[in-house]
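Dear colleague,

Please find the structure below, which I am handing over to you for your studies. My findings follow it.

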Amino acid sequence: MPTPFLADLPIRRLTLRDLNACADLSEDRGWPREEHKWGLLLAAGKGYGIDAPDGGLVTVCVVTEYGPQERPDLGAIGMVLVAERYARQGVGRRLMRQIVAEMGTTPLTLHATPYGRPLYEELGFKVTGRVEMVRGRFTPGGPAPEVATRPATAEDLPAILRLDEYVFGCDRTHMITRLPAFADQLRIAEENGRITGYVAAWPNMDTQVVGPLIARDTETAKALIASLAARTDRPLRTDVDVRHEELLTWVKEHGLAPIAFNAVMTYGISELPGDWTRRFAPLTVAAG
């Protein structure tokens, strides 16, 4: 249980006005500030936090809901942070318990670090998958993937949304429609006028994060990544489902190095909806 002092502090909804305080909390825990990502999550999701009496935030998290607004099909929990000076006092557990209770029967998912996993297991989350984070400068070489790609246009958006909903397993229109403004690049793969995959690359500190990455097959995923890399001078970073062994081997052969593994956890469902064979990387692990 949190200390009596922390237990009395109210949990409130966050807004975009809290963006700097959220970034400060990230920095406090040794994470990058990631203001660009925080802006997306606070706009498209629901942020929750506790104000610290001495300024700033004690703890935060963001829930991004997918599917019908009145009855979501899935809630993705991310950016669960507790200020260092309040760590190990039960406040993160208190916040998470309230979020799980508020979400009721809505299935939940999150990506857990080894540090956070015990708390989520205590709350009833189960490990249902694993992702590997890789980062580095992409180096071309070897046979080029023989899949046509091009920049996405406004006319492509309805087809992208249909493909995304089918593969992801839930409607996330409110997130995907933000990609043209949020991302530096949004590209599609197509065959005979039909979209077979799409990918975004968005700025995060000194890197370009690759995600979401949805593709018909591994060759299409390779082509989309290579097309992004050819159009940026920044290192790439992405989180790949470990079941996509061929893609992980290929990106490592092309300059991306492993950084960490995170567990994919779910609550209320035994596995994520959709088609994992075509879902290669999330938009961000904080939002699924």
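This is a predicted model: local features need pLDDT of at least 70, side-chain atom pairs count only at pLDDT 80 or more; totals for chains, interfaces and linings use all residues.

Residues are numbered from 1 along each chain as its sequence is written, and side-chain values use heavy atoms, with hydrogens and water left out.

Pockets

A pocket is an open set of points on a 1 Å grid over the protein atoms alone, where a 1.4 Å probe fits, with protein on both sides within 12 Å along at least five of seven lines; lining residues have an atom within 4 Å of a point. A volume is the space filled by probe spheres set on the points, which are joined across faces, edges and corners.

The largest pocket has a volume of about 1100 Å³. Its lining is formed by 49 residues, and Trp 31, Val 80, Leu 81, Thr 113 and Tyr 115 lie nearest its centre. Strand β4 (residues 74–82) supplies the largest share of this lining, six residues. Strands (E, at least two residues) and helices (H or I, at least four) are DSSP runs, numbered from the N terminus. By class, the lining of the largest pocket has 29 nonpolar, 12 polar and eight charged residues. Here Ala, Val, Leu, Ile, Met, Phe, Trp, Tyr, Cys and Pro count as nonpolar, Asp, Glu, Lys and Arg as charged, and the others, Gly among them, as polar.

The second largest pocket holds about 400 Å³ of space. It is lined by 24 residues, with Asp 241, Arg 243, Val 264, Leu 272 and Arg 279 closest to its centre.

Helices α9 and α10

The axes (lines fitted to C-alpha atoms over the stretch in contact, with angles from 0 to 180 degrees between N-to-C directions) of α9 (residues 218–229) and α10 (residues 245–253) come within 10 Å and cross at roughly 30°. The two helices are therefore roughly parallel to each other, a term for angles under 35 degrees. Contact, meaning heavy atoms within 4.5 Å, involves residues including Ile 225 of α9 and Trp 250 of α10.

Backbone

The peptide bond from Gly 211 to Pro 212 is cis, with omega near 0°, and Pro 212 is found in strand β10 (residues 207–215). Met 79, in strand β4, has a positive phi of about 55° although it is not a glycine.

Yours sincerely

Methods:
Angles under 35 degrees count as roughly parallel, over 145 as roughly antiparallel, 65 to 115 as roughly perpendicular and the rest as oblique.
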